[in-house]
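Dear colleague,

Here is the structure I promised to hand over, with my notes on it below. Please keep the model open while you read, and look up each residue as it is named.

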Amino acid sequence: MSVFGMSRTIMRNLFSGPATRLYPTREKEPHRAARSRGRIEIDIEACIFCSACAKRCPTDAIIVSKTDKEWNIDRLRCCTCNACVEVCPKKCLAMGNRYTPPTVTKDKDIFRQPPRPPKEPETIPGA
Ligand code: SF4
Ligand code: SF4
């Protein structure tokens with residue numbers, strides 16, 4: 001590359017702004033985020049704790065406890081393969097189009113189903 005060509009590249013880079021993004025303080029523009037697979041989201045109210053997602057997960061990122069009505073995910077293990085979303089019989093898993101914020105710990109995201117109100121006893125007409 002000639003000195004002239006090199007100077008042109010230097011000048012262009014000087015005035016074109018940074019090529020990288022200040023992650024996480026600056027998020028991607030929505031149209032770029034739309035191309036990302038995002039991250040697993042759960043509608044915990046709809047979950048029946050069948051463990052199909054956990055069995056299908058290739059990285060063992062999901063743990064399900066039917067007894068505690070608890071579903072949790074280790075986001076650092078998840079490779080966003082979408083297999084759990086495809087296998088869920090209640091369709092309560094989805095790829096949310098947003099970023100996983102950076103973290104310095106290996107905490108899991110834990111979701112607990114709130115207790116359901118007891119069913120009203122059936123009233124028999126005329127009784
Ligand atoms: S497959 Fe769906 S319904 Fe079953 S435990 Fe996973 S999220 Fe819940
Ligand atoms: S997207 Fe894939 S790796 Fe991530 S939790 Fe679901 S099955 Fe596991």
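Around ligand 2 there are 15 residues, and those that come nearest are Cys57, Cys78, Cys81, Ala83 and Cys84; a residue counts as near a molecule if its C-beta atom, placed from the backbone, lies within 6 Å of it. By class, this shell holds 11 nonpolar, three polar and one charged residues, where Ala, Val, Leu, Ile, Met, Phe, Trp, Tyr, Cys and Pro count as nonpolar, Asp, Glu, Lys and Arg as charged, and the others, Gly among them, as polar. Ligand 1 is likewise surrounded by 15 residues, with Cys47, Cys50, Ala52, Cys53 and Cys88 as the closest, and its shell divides into 13 nonpolar, one polar and one charged.

Before going on, please note that this is a predicted model, in which local features need pLDDT of at least 70 and side-chain atom pairs count only at pLDDT 80 or more, while totals for chains, interfaces and linings use all residues. Residues are numbered from 1 along each chain as its sequence is written, and chains are lettered from A and ligands numbered from 1 in the order in which they are written.

As for the overall build, the protein has four helices and five strands, which follow the pattern α-α-β-α-β-β-α-β-β along the sequence; helices (H or I, at least four residues) and strands (E, at least two) are DSSP runs, numbered from the N terminus. Of its 127 residues, 9% count as buried, a word that here requires 20 or more other C-beta atoms within 10 Å of the residue's own, whereas 12 or fewer make it exposed and anything in between partly exposed, with C-beta atoms placed from the backbone.

Helix 1 (residues 3–15) has 13 residues, which at 1.5 Å a residue should span 18 Å, and its end C-alpha atoms are 19 Å apart, which agrees; the expected span is 1.5 Å times one less than the number of residues. None of the residues of helix 1 is buried, so that the helix is hardly covered. After helix 1 comes Gly17, whose phi is positive, near 85 degrees.

Three strands form an open sheet in the order 2-3-5, with antiparallel pairing; two strands pair if DSSP finds at least two bridges between them. At the edges are strand 2 (62–65) and strand 5 (109–112), each of which pairs on one side only. Strand 2 is joined by four bridges to strand 3 (residues 70–73), and the two run antiparallel. Within this pair, Ile62 has Ile73 as its bridge partner, while Ser65 stands opposite Glu70. The hairpin of strand 2 and strand 3 has four residues between the strands, and in it Lys69 takes a positive phi near 50 degrees.

Which residues have a positive phi although they are not glycines? Most residues other than glycine have a negative phi, but Ser51 has a positive phi of about 70 degrees and Lys91 one of about 55 degrees. Ser51 is found in the loop between strand 1 (39–42) and helix 3 (52–56), and it counts as partly exposed because it has 14 C-beta neighbours inside 10 Å. Lys91 lies in the loop between helix 4 (83–87) and strand 4 (93–96), and it counts as exposed because it has 10 C-beta neighbours inside 10 Å.
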